[in-house]
Amino acid sequence: MDTVNLLTIVSIAFLGSFGHCIGMCGGIVLAYSTIKIEPASSKVSKTVAHLLYNFGRVLTYTILGALFGAIGGVATFNNTANGTLLIIAGTAMVLAGLSLMGKIKFLTVIEHSISSSNFYKKSFQKILHSKSNVSFFILGMLNGLLPCGFVYFFAITAASTASPFYGALVMFIFGVSTIPAMFSLGFLSSLASATSFRNMMMSLSSVAVVLYGLFTLYNGYDYLTNPLRTILQCH
């Protein structure tokens, strides 16, 4: 992975976390902060709880990244296959960006909510009311499975790497880049209601998603038209 792609992934994830993630997962953070953390707990105890929750999310994202990277790798054999995969991924990225802007309903149509299953609901409720430290970590892992447009975008990006390692790395970077926003929300509930700020960050990240999708489309076109390219790099 080159520096430009790394910075792009970090930028999109960081901006999106203050726009999309706080809106999508803010309720969960506020809920566990109220139910699971005692008001009299020390700052150290609260910090550990929030970090464990976020580390759980990152682990789930990393595992998903490895899986999607492996799936992408199965589909790539030569320049034609590589280029086709990137064009498909780039198109999906552009559609995801437009969907995050609210222009189309692409992400709404493809979402499959595992959170509606009875098993997930019961597990979530049980862990939400547990006071143990490990329960924060498990709650974070479950949160990482929730349907989310941003997770879908980065999963597509992970698949476009055609590598379990780089796919995992993409999702790991995504997860880590969202920690500042979600960690801050645990201490500053006012972030959840700062609508104008979140809308601005969401707009910036959505534009970045579209631009990154166009960049991926260009790379796919380059694979199809440039016979000298023989090694698929991480996009």
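The structure is a predicted model, in which local features need pLDDT of at least 70 and side-chain atom pairs count only at pLDDT 80 or more, whereas totals for chains, interfaces and linings use all residues. Residues are numbered from 1 along each chain as its sequence is written, and side-chain values use heavy atoms, with hydrogens and water left out.

The secondary structure of the protein chain consists of nine helices and zero strands; helices (H or I, at least four residues) and strands (E, at least two) are DSSP runs, numbered from the N terminus. From that terminus on, the order of elements is α-α-α-α-α-α-α-α-α. The protein chain has 235 residues, of which 47% are buried. Among its contacts (heavy atoms within 4.5 Å) with a separation of 6 or more, 80% join residues 24 or more positions apart.

L146 is placed in the loop between α6 (133-143) and α7. Its C-alpha atom lies 9.0 Å from that of C25, although the two residues are 121 residues apart along the chain. The loop between α7 (149-160) and α8 (164-187) holds S163, and A162 is placed in this loop as well. A162 is buried, with a relative accessible area of 17%; its phi is positive, at about 55°, although A162 is not a glycine. For S163 the relative accessible area is 15%, so this residue is buried. When neighbours within four places in sequence are left aside, S163 is in contact with G69 and A70.

V10 is found in helix α1. Its relative accessible area is 36%, and V10 is therefore partly exposed. Leaving aside neighbours within four places in sequence, V10 is in contact with I173 and S177. V10 and I173 are 163 residues apart in sequence, yet their C-alpha atoms are separated by 6.6 Å.

The axes of α2 and α6 come within 6 Å of one another and cross at roughly 35°; axes are lines fitted to C-alpha atoms, for helices over the stretch in contact, and angles run from 0 to 180 degrees between N-to-C directions. On the α2 side, the residues involved are A49, L52, Y53, F55, G56, R57, L59 and T60, which meet N133, F136, F137, L139, G140, M141 and N143 in α6. The residues of this contact divide into nine nonpolar, five polar and one charged, where Ala, Val, Leu, Ile, Met, Phe, Trp, Tyr, Cys and Pro count as nonpolar, Asp, Glu, Lys and Arg as charged, and the others, Gly among them, as polar.

Conventions
Buried means under 20% relative accessible area, exposed over 50%, partly exposed in between (1.4 Å probe, protein chains only).
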